[in-house]
Amino acid sequence: MESKIIINGGRPLCGEVTVSGGKNSAVAIIPAALMSDEICYIENIPKIEDVIVLKKMMETLGAEVTIEGNTMKVDPSNVSKWIVPDDLAREMRASYYLMGTMLAKFGKAQVAFPGGCNIGSRPMDQHLKGLNALGAKIDLKGGVYVCEADKLKGCEIYMDVSSVGATVNIMLAAARAEGVTTIVNAAREPHIVDLANFLSAMGATVKGAGTPTIRIKGASKLRGCRYSILPDQIETGTWMALAAATRGDIKIRGCVPYHMESASVKLAEMGVEVIEGEDYIRVNAKNRPNAVHIQTLPYPGFPTDLQQPFTVILSTAKGTSMVIETIFESRFRHVDELRRMGANIQISGDVAVITGVESLSGADVVASDLRAGAALIVAGAMAKGKTTISNTKYIDRGYEDIVDKLISVGADVSRT
Ligand code: EPU
């Protein structure tokens, strides 16, 4: 039976918490390790469901994958298959990164159309455009992408939208392609820079990651390496939201404050104190926040993944806030649940108009996706009374030890 998270909310969360390694970095870097024939050690791996599923996928291809503490050892020397089992591919979004890696390694890949959070249509045209341009032929047969390439050859690829997933997939394939690949209008998220650093450690030459133009000079052979992945930007933002929403005071350790600028600025506009150190952020909120307007945008804009937790803070702000979601069309599914808890939120297309109420009250709610689940944790911690969150499998896909970490900052929370 699936577990539920029960929170008796209404108390300020105070103390210190340490952020885990980035989910969206891990799910790009782990498959990249398959492209070498040597062992890679990937440190600061978050122990989350998406990583476990990815580990299973890599094992079915022949890789030996072990996790000790937070270090994953990937031995790809016996990888001999390129067909990813459909049921595993459908369990998560990042399974499509095995298209780029297996094409790079074998010139062949078979991966079912990926699963992942249901937050909008999530097309793959930019992935296909990029991989095609590098020389791959890709057919969708019975819901499975069948990919083949005699040879991958670097070229210039202009992306019509700056997609994180497509940028990653093209970088992966380009890392072993002949010559130089230039990605124009590339995504700039911290996990793109993380992957670029990992590929460089493996022997590819990657320049410009973090800017809209990335150049990758492929290497015919990639070596093993030891690499530590960056802290999770979205987990950091979730703790920032928890501190602000509960009028608490949390020092978030082991994060990169520079990655959090858009969130920090919005909290400051709300009247919340944000103190940044070299590798920590302290968020101290004493009063009801001011209403603010937020628009989600690709990095360095405000992340769509934090829109849902931040909507919760605004649900008890003084005044009326507007949140515009420009990335995914179905990312307001947490709002119905927030209304159950007493929030006053009107949705019109991609805009949520939030009229702040004094407080929310606990209720039985259902997580519809990963960040909706995170938003409901923030809401439950802030609301008066008991909140029971079901469908917690979504939360476990992206947050390591969430219940224990919440307890460490004083939450009254348990899992059934
Ligand atoms: N898009 C296209 N064509 C494509 C690819 C994307 O039109 O070929 C559009 C999408 O529909 C969307 C926009 O481009 O409107 C951006 O999508 P992107 O490809 O950047 O998203 P993604 O790669 O599917 C990753 C994260 C998401 C995060 C988004 C945006 C991973 C595994 N997932 O998704 O993370 O929301 O980037 O930053 O890295 C999460 O962690 O909860 C999560 C959903």
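## Domains, cores and salt bridges in a predicted model

Pro-300 is found in the loop between strand 17 (293-295) and helix 10 (304-314), where helices (H or I, at least four residues) and strands (E, at least two) are DSSP runs numbered from the N terminus. The structure is a predicted model, in which local features need pLDDT of at least 70 and side-chain atom pairs count only at pLDDT 80 or more, while totals for chains, interfaces and linings use all residues. Residues are numbered from 1 along each chain as its sequence is written, and side-chain values use heavy atoms, with hydrogens and water left out.

Some backbone features are considered next. Most residues other than glycine have a negative phi, and most peptide bonds are trans. The bond that joins Tyr-299 and Pro-300 is a cis peptide bond, with omega about 10 degrees. Asn-44, although it is not a glycine, has a positive phi of about 65 degrees, and this residue is found in the loop between strand 3 (40-43) and helix 2 (49-60). With a relative accessible area of 27%, Asn-44 is partly exposed; buried means under 20% relative accessible area, exposed over 50%, and partly exposed in between (1.4 Å probe, protein chains only). Arg-247 is likewise not a glycine and has a positive phi of about 55 degrees, and its place is in the loop between helix 8 and strand 14 (249-253).

The protein chain is divided into domain 1 (5-19 + 231-415) and domain 2 (23-228), with bounds that come from an automatic or database domain assignment. The centres of the domains, taken over C-alpha atoms, are separated by 30 Å. In all, 21 residues of domain 1 are in contact with 22 residues of domain 2, contact meaning heavy atoms within 4.5 Å. The area buried between domain 1 and domain 2 is about 1800 Å², of which carbon and sulfur atoms give 51%; buried area is the accessible area (1.4 Å probe) that two parts lose on being put together, summed over both. On the side of domain 1, Tyr-299, Arg-397 and Glu-400 lose the most area to domain 2, together 37% of what that side buries.

Across the interface of domain 1 and domain 2 there are eight residue pairs in polar contact, both residues being at pLDDT 80 or more. A polar contact is a pair of N or O atoms within 3.5 Å; within protein, one must be able to donate a hydrogen and the other to accept it, and residues adjacent in sequence count only if both atoms are side-chain atoms. One salt bridge is also found across this interface, a salt bridge being a side-chain nitrogen of Lys or Arg within 4 Å of a carboxyl oxygen of Asp or Glu. Arg-397 forms a salt bridge with Asp-50, their closest N and O atoms being 3.0 Å apart, and a network of salt bridges links Lys-23, Asp-50 and Arg-397.

By this rule the count of salt bridges comes to 19. Among them is the pair of Glu-235 and Lys-405, whose closest N and O atoms are 2.8 Å apart. Because Glu-235 lies in helix 8 (residues 233-245) and Lys-405 in helix 14 (residues 402-408), the pair ties together parts that are 170 residues apart in sequence. Glu-235 is buried, with a relative accessible area of 4%, and Lys-405, at 12% relative accessibility, also counts as buried. Arg-340 and Glu-337 meet through their side chains in a salt bridge of 3.4 Å, N to O, and, because they are three residues apart in helix 11 (residues 334-340), they are separated by about one helical turn. In this pair Arg-340 counts as exposed, at 54% relative accessibility, whereas Glu-337 is buried, at 9%.

The largest nonpolar core has 79 residues, and those with the most contacts inside it are Met-171, Phe-198 and Leu-199; such a core is a set of buried Ala, Val, Leu, Ile, Met, Phe, Trp, Tyr and Cys residues joined through side-chain atoms within 4.5 Å. Helix 6 gives the most to this core, with seven residues. A second, separate core of 69 residues includes Met-270, Ile-354, Val-378 and Val-413.

Ser-163 is placed in the loop between strand 9 (156-158) and helix 6 (164-174), and is buried, with a relative accessible area of 17%. A polar atom of the side chain of Ser-163 lies 2.9 Å from the backbone nitrogen of Ala-166. Leaving aside neighbours within four places in sequence, Ser-163 is in contact with His-127 and Ala-187.
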